[in-house]
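Hi,

Here is the structure for you to look over. My notes on its aromatic rings follow below.

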Amino acid sequence: MSEVITIGEPMVVFIPHKAGSFAEVDCFSKGIAGAELNVAVGIARLGHSVSYISRLGKDILGEYIWQFIKKEGIDTSLLQMEEEHLTGCYFKTKVLEGNPEVFYLRKNSAASYLKKEDMEPLSFAGAKILHLTGITAAISKNCMEACCQAVEKAREQQMQVFFDPNIRAPLWRSESEMRECLNSMAALADVVMPGLREGEILTGRRDKEQIADFYLKCGVKTVIIKNGEKGAYCKSQGEKGYDVAGFPAGRVVDTVGAGDAFAAGVITGILEDLSLPETIKRGNAMGALALTSAGDNESMPDRKKLLDFIEKGGRYECVG
Ligand code: KDG
C-alpha cells in the first residue's frame, strides 16, 4: 500500500482566458481539479507514494482524469469507473485580486456515489497517513459515511489522520449543518488544517490560539491554521503555539489549490520526519508556489523546484 491514502471527487476545471462573467468569456483551458487529488499530485511530485480513492464516470472527462492520475504516478488501483453517473466539472472566473468565483456541475456525479461499503474491502495495511477534506463530506451523506469508515480503517492500521475542512458553502444545505459535520470530522483527526477564516466560521472564535484550542479540546493532536502570505500558526497538545512565517508569492495568478499545496507540503514533511516548524515552512512554500499558475495543481513543484524556492526565500516566475 502507498504511504498516503486520500479520498475525493476529481473534476475537470475550465479556466477562462480573461476576466469577466461566463457570458463574456469565449476561451477556456481545461485542467484537473479536486482538492484531495491536488494534494495527491503534490505528494507524488515530491516522490512519495499515494493512492486515490474515487469514482469516475465512464465519459470523456473521466477518461481524461484517469490518464492524468496515471501520468502523475498516483496509484489508480482504488479508483472505480462506472457507467451510470457522469464525472463532475466546474468553471472558475479569472480575477485580478482575491479569490475567483466557482460554478459547479457536479450534482449526482459518479464520485458522489462513493459509499461506506466501497471502503470495507480495501486494505490500508502499510499506509501511514489518511488525508481527508470537508469537500468529500459535503458532496453526499454516503460520501461522509465513506470518510468515517476510512478513518476507522486508518485507526486499525495506526495511521495518522489529516483533515482540511475546506469550506465550500454552496455544497452544504445550511451553515449550521456544515459547521456540525466539519467539526465532527475534525474531531476524528490527528492533524487539522483550517484557514484562519475557516477556523473563525467553524468555531465562532476570532483568535488563532482560541481556534486551535477549540480543536485541541476535541482531542486533535495538532492544529495548523493557514494565514496566506503571513504563514501559519501551529499548536499541539500540551505545547505553546507558534507562528511559521510565509513566503512572498510574487504575482498571484490564482488562489485555488493553495491550501491543498500546503497540505501536500505538511504531509510530505511528516513522512520525511522533518521537525514540525520545518514541515510547516514547506507547507507555506508549497502554498505560495500554488498561487503562481492558473490551474489548481499545475504549479505543484518537484523536489528541486521546491528546494530552490525555499532557498531563495520565495518568488517564482508565474505561469499563465
Ligand atoms: O482546493 C481546490 C479545490 O477547491 C478545487 O480543485 C476544486 O475540489 C474542488 C472543489 O470542490 O472546489
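There are 7 aromatic pairs in this predicted model. Rings of Phe, Tyr and Trp (its six-membered ring) pair if their centres lie within 6.5 Å; planes under 30 degrees apart are stacked, over 60 edge-to-face, and the rest tilted.

Take Phe-28 and Phe-91. Their ring centres are 5.7 Å apart and the planes meet at 85°, so this pair is edge-to-face. Phe-28 belongs to strand β3 (residues 28-33) and Phe-91 to strand β6 (residues 89-92), so the pair ties together parts 63 residues apart in sequence. Strands are DSSP runs of E, at least two residues, numbered from the N terminus.

Phe-28 is partly exposed at 26% relative accessible area. Phe-91 is buried at 19%. Buried means under 20% relative accessible area, exposed over 50%, and partly exposed in between (1.4 Å probe, protein chains only).

Phe-28 and Phe-91 also join Phe-14 and Phe-22 in a cluster linked by ring pairs.

Next, Phe-214 and Tyr-215. The centres lie 5.0 Å apart with planes at 85°, so this pair is edge-to-face. Tyr-215 is buried, at 0% relative accessible area.

Two charges sit over rings (NZ of Lys or CZ of Arg within 6 Å of the ring centre and within 35 degrees of the ring normal). Lys-30 has its charged end 4.7 Å from the ring centre of Tyr-64. For Arg-106 over Tyr-104, the distance is 4.5 Å.

On conventions: residues are numbered from 1 along each chain as its sequence is written, and side-chain values use heavy atoms, without hydrogens and water. Local features need pLDDT of at least 70, and side-chain atom pairs count only at pLDDT 80 or more, while totals for chains, interfaces and linings use all residues.

Best wishes

How values were computed
Helix = DSSP H or I, 4+ residues; strand = E, 2+ residues; numbered from the N terminus.
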